[in-house]
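Let us take a friendly walk through a protein model, one part at a time. Keep the sequence and the 3D view at hand as you read.

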Amino acid sequence: MASNYKRHFKHKDGSFLDMMSHYIEIKKEYSNVSYKINRDNMEIYIKLQPTEDSYDYMVKIVTQQGSTNVDIFVVKPNLKKIAGENKIPHLYSNGSLCLYYPKYHEWSYQDSWAETLVPWTCLWLYYFELWLATGEWLGGGIHLGDEKKRLK
């Protein structure tokens, strides 16, 4: 329905209507979802559990009106506490999850967040737990340091 809604009502990416349509689509697919609007920012909160034996994670999806940037953070539990002194792989400097490599154009703001960002977040959490157990990131992808090595 959200995609039909977008066809009938034209609006810019990152508009309030656009942000709400992404939230509605997520809400239809997942339980334990809520949102908060602060000025021109929208925060979508979703509870995820990658496997039956996994932690219950509270995740926050953050976007700003007028922007096509989306950041995803784990609110609870505190990943740094769980990881101890180990540096968590596939995190941006602001602490948001690195779910895809932007230069490969694997995702765009218009994509269904319920079909991309949320499942990718769950997969990231799964690989995070494997990393805790093995000490190796088994999720593939490009580490920020790897890109610098390639450029040399």
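Leu79 is found in helix H3. Helices here are DSSP runs of H or I with at least four residues, strands are runs of E with at least two, and both are numbered from the N terminus. At 9% relative accessibility, Leu79 counts as buried. Along the chain, Leu79 and Phe128 are 49 residues apart, yet their C-alpha atoms are separated by 9.1 Å.

Phe128 also has a C-alpha distance of 8.7 Å to Leu138, which is ten residues away in sequence. Leu138 sits in the loop between H4 and H5 and is partly exposed, at 41% relative accessibility.

## About the model

The model is a predicted one: local features need pLDDT of at least 70, side-chain atom pairs count only at pLDDT 80 or more, and totals for chains, interfaces and linings use all residues. Residues are numbered from 1 along each chain as its sequence is written, and side-chain values use heavy atoms, with hydrogens and water left out.

## The overall plan

How many helices and strands does the protein have? There are five helices and four strands, and from the N terminus on they run α-α-β-β-β-β-α-α-α. Of its 152 residues, 38% count as buried.

A loop can bring parts of the chain together too. Gly66 lies in the loop between S3 and S4 and is exposed, at 65% relative accessibility. Its C-alpha atom is 5.6 Å from that of Ser15, although the two are 51 residues apart along the chain.

## The nonpolar core

In soluble globular proteins, nonpolar side chains tend to be buried together. A nonpolar core is a set of buried Ala, Val, Leu, Ile, Met, Phe, Trp, Tyr and Cys residues joined through side-chain atoms within 4.5 Å. The largest one has 32 residues, and Ile26, Trp113 and Trp124 touch the most other members. Two or more residues each come from helix H2 (16-29), strand S2 (41-48), strand S3 (57-64), strand S4 (70-76), helix H3 (79-83) and H4. H4 gives the largest share, six residues.

## Aromatic rings

A pair of aromatic rings is described by the distance of the centres and the angle of the planes. Rings of Phe, Tyr and Trp (its six-membered ring) pair if their centres lie within 6.5 Å; planes under 30 degrees apart are stacked, over 60 edge-to-face, and the rest tilted. By this rule there are ten aromatic pairs. Why does the pair of Tyr127 and Trp137 count as tilted? The ring centres are 6.4 Å apart and the planes are at 50 degrees, so the pair is tilted. Tyr127 lies in helix H4 (residues 117-134) and Trp137 in the loop between H4 and helix H5 (144-151), so this pair ties together parts that are ten residues apart in sequence.

Trp137 is buried, with a relative accessible area of 12%. Ring pairs link Trp137 with Trp124, Tyr126, Tyr127, Phe128 and Trp131 into a cluster. Elsewhere, Lys60 lies over the face of Phe73, at 5.6 Å from the ring centre. For such a contact, NZ of Lys or CZ of Arg must be within 6 Å of the ring centre and within 35 degrees of the ring normal.

Most residues other than glycine have a negative phi, and most peptide bonds are trans. Asn32, in the loop between H2 and strand S1 (33-38), has a positive phi near 55 degrees. His90 has a positive phi of about 60 degrees. The place of His90 is the loop between H3 and H4, where this residue is buried, with a relative accessible area of 9%.

Which kind of peptide bond joins Lys76 and Pro77, cis or trans? The bond is cis, with omega at about -10 degrees. Pro77 belongs to the loop between S4 and H3.

Key: Buried < 20%, exposed > 50% of the residue type's maximum accessible area, 1.4 Å probe, protein only.
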